[in-house]
Amino acid sequence: MQNTINNLPKLAKDKHNENKKFFGKLKNKPPKNLDYVMEELHEAEFRKTDCLQCANCCKTTGPLFTDKDIERIAKHFKLKPQQFINQYLRIDEDNDYVLQSVPCTFLGADNYCSIYSVRPKACQEFPHTDRKKFQQISNLTLKNVAICPAAFNIVEEMKRRIKL
């Protein structure tokens, strides 16, 4: 798995222009069954992908924290939301709450998340490959294929299955 993770940025870079062109066409003329196809591809990929063997998303990026995320996680730690913010978060250039540093503070050496049951919505939904109206998040997907081997595989299979 580590070899795959190490090669992923280069693979994603090599495929970037091809993917960008594909997503441009997809945005202009999404197939009627796109949501169904993406759900199928996502489920098939995650039947064979074990995120605990990878956790590259947690090691290299940090999620956005919504107000609801902050309230839920602060409650989990028995902290006031502002205390949680002060201890773990910062405001980024887009004025969003993000982790003060990566890898994620809540990621254990065994790749388990210590706040898994209350984790941020962005973590719950990552890599967003089963999202409805998938064509609307092409810029996010272009970034995620360089981070997540499953997202990379899903996009490659998607290009094989969907002819534009």
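## Residues with positive phi

In this predicted model, Asn111 is found in the loop between E3 and H6. Although Asn111 is not a glycine, its phi is positive, at about 70 degrees. Asn111 has a relative accessible area of 14% and is therefore buried, the limit for that class being under 20%.

Lys78 also has a positive phi without being a glycine, here about 60 degrees. Its place is the loop between helix H4 (67-76) and helix H5 (81-88). With 77% relative accessibility, Lys78 counts as exposed. Most residues other than glycine have a negative phi, and most peptide bonds are trans.

## Cis peptide bonds

The bond from Val102 to Pro103 is cis, with omega near 5 degrees. Pro103 lies in the loop between E3 and H6. Phe126 and Pro127 are likewise joined by a cis peptide bond, with omega about 5 degrees. Pro127 belongs to the loop between H6 and H7.

## The largest pocket

The largest pocket holds about 1200 Å³ of space. It is lined by 44 residues, of which Cys57, Pro63, Ala122, Cys123 and Phe126 are the closest to its centre. By class, the lining comprises 29 nonpolar, 10 polar and 5 charged residues.

Several elements each supply at least two lining residues, among them helix H2 (34-48), strand E1 (64-65) and helix H8 (149-161). H6 gives the most, with 4 residues.

## The second largest pocket

About 240 Å³ of space lies in the second largest pocket. Its lining includes Gly62, Arg90, Asp92, Glu93 and Val102. This lining has 4 nonpolar, 3 polar and 5 charged residues.

Technical notes
Residues are numbered from 1 along each chain as its sequence is written. This is a predicted model: local features need pLDDT of at least 70, side-chain atom pairs count only at pLDDT 80 or more; totals for chains, interfaces and linings use all residues. Side-chain values use heavy atoms; hydrogens and water are left out. On a 1 Å grid over the protein atoms alone, a cavity is a set of points where a 1.4 Å probe fits but cannot get out, and a pocket is an open set with protein on both sides within 12 Å along at least five of seven lines; lining residues have an atom within 4 Å of a point. Grid points are joined across faces, edges and corners, and a volume is the space filled by probe spheres set on the points. Ala, Val, Leu, Ile, Met, Phe, Trp, Tyr, Cys and Pro count as nonpolar, Asp, Glu, Lys and Arg as charged, and the others, Gly among them, as polar. Buried means under 20% relative accessible area, exposed over 50%, partly exposed in between (1.4 Å probe, protein chains only).
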